[in-house]
Amino acid sequence: MTNTSDFLGKFEGRDYTSNFVVLSRENQVGIARVGAAISKKRVPLAVVRNLIKRSVRENFRTLFPSPRGVDLVIRPTKGIKKKDIPGIAAEISTLLNKIKK
């Protein structure tokens, strides 16, 4: 998901963890797509923002190999600091596993 229009619209599903929320909806494209909406306000350090994006893409690639028509948008619910880095990948993996079911 790269265009603004991909992120707009109504998302039916919503799941939470302590630091993230994932919005989901079925799409007409027929393939699974993922997007990360991470603002400087929520995650001030670019290093942490990029780590989150890489972790989202990697976990999505491994957990959603089958062609299933779903759009996912992952965004932080509160500020994430550099000290939170070790748990980010595990938390994203847990969140995507919830959606996969």
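The structure is a predicted model. The chain holds 3 helices and 4 strands, which follow one another from the N terminus as α-β-β-β-α-β-α.

**The chain as a whole**
- Of the 101 residues in the chain, 42% are buried.
- The accessible surface amounts to about 6000 Å², and carbon and sulfur atoms contribute 53% of that surface.
- Among contacts with a separation of 6 or more, 78% join residues 24 or more positions apart.

**The sheet**
- Strands of a sheet pair through backbone hydrogen bonds, either parallel or antiparallel.
- Here 4 strands make an open sheet with mixed pairing, in the order β1-β2-β4-β3.
- β1 (13-16) and β3 (33-36) stand at the edges with a single partner strand each, so one side of each has no neighbour in the sheet.
- From one strand to the next, the twist averages 20°.
- β3 pairs with β4 (residues 70-76) in the parallel sense over 4 bridges; R33 has D71 in β4 as its bridge partner.

**Helices on the sheet**
- α2 packs on the sheet and touches β2 (20-26), β3 and β4, with a direction at about 165° to that of β3.
- α3 lies across β1, β2 and β4 and runs at about 30° to β2.

**Helix against helix**
- The axes of α2 (residues 46-63) and α3 (residues 85-100) come within 9 Å and cross at roughly 35°, and the crossing is right-handed.
- Residues in this contact include L51, I52 and F60 of α2 and I88, I92 and L96 of α3.
- By class, the contact of α2 with α3 comprises 11 nonpolar, 4 polar and 1 charged residues.

Terms used. Residues numbered from 1 in each chain as written. Predicted model: local features only at pLDDT ≥ 70, side-chain atom pairs only at ≥ 80, totals over all residues. Heavy atoms only, no water. Helix = DSSP H or I, 4+ residues; strand = E, 2+ residues; numbered from the N terminus. Buried < 20%, exposed > 50% of the residue type's maximum accessible area, 1.4 Å probe, protein only. Contact = heavy atoms within 4.5 Å. Areas by Shrake-Rupley, 256 points an atom, 1.4 Å probe, with all protein chains shown as cover. Axes fitted to C-alpha atoms, helices over the stretch in contact; angles between N-to-C directions. Left-handed = near helix turned anticlockwise from the far one by under 90°. Nonpolar A, V, L, I, M, F, W, Y, C, P; charged D, E, K, R; others polar. Pairing = 2+ DSSP bridges.
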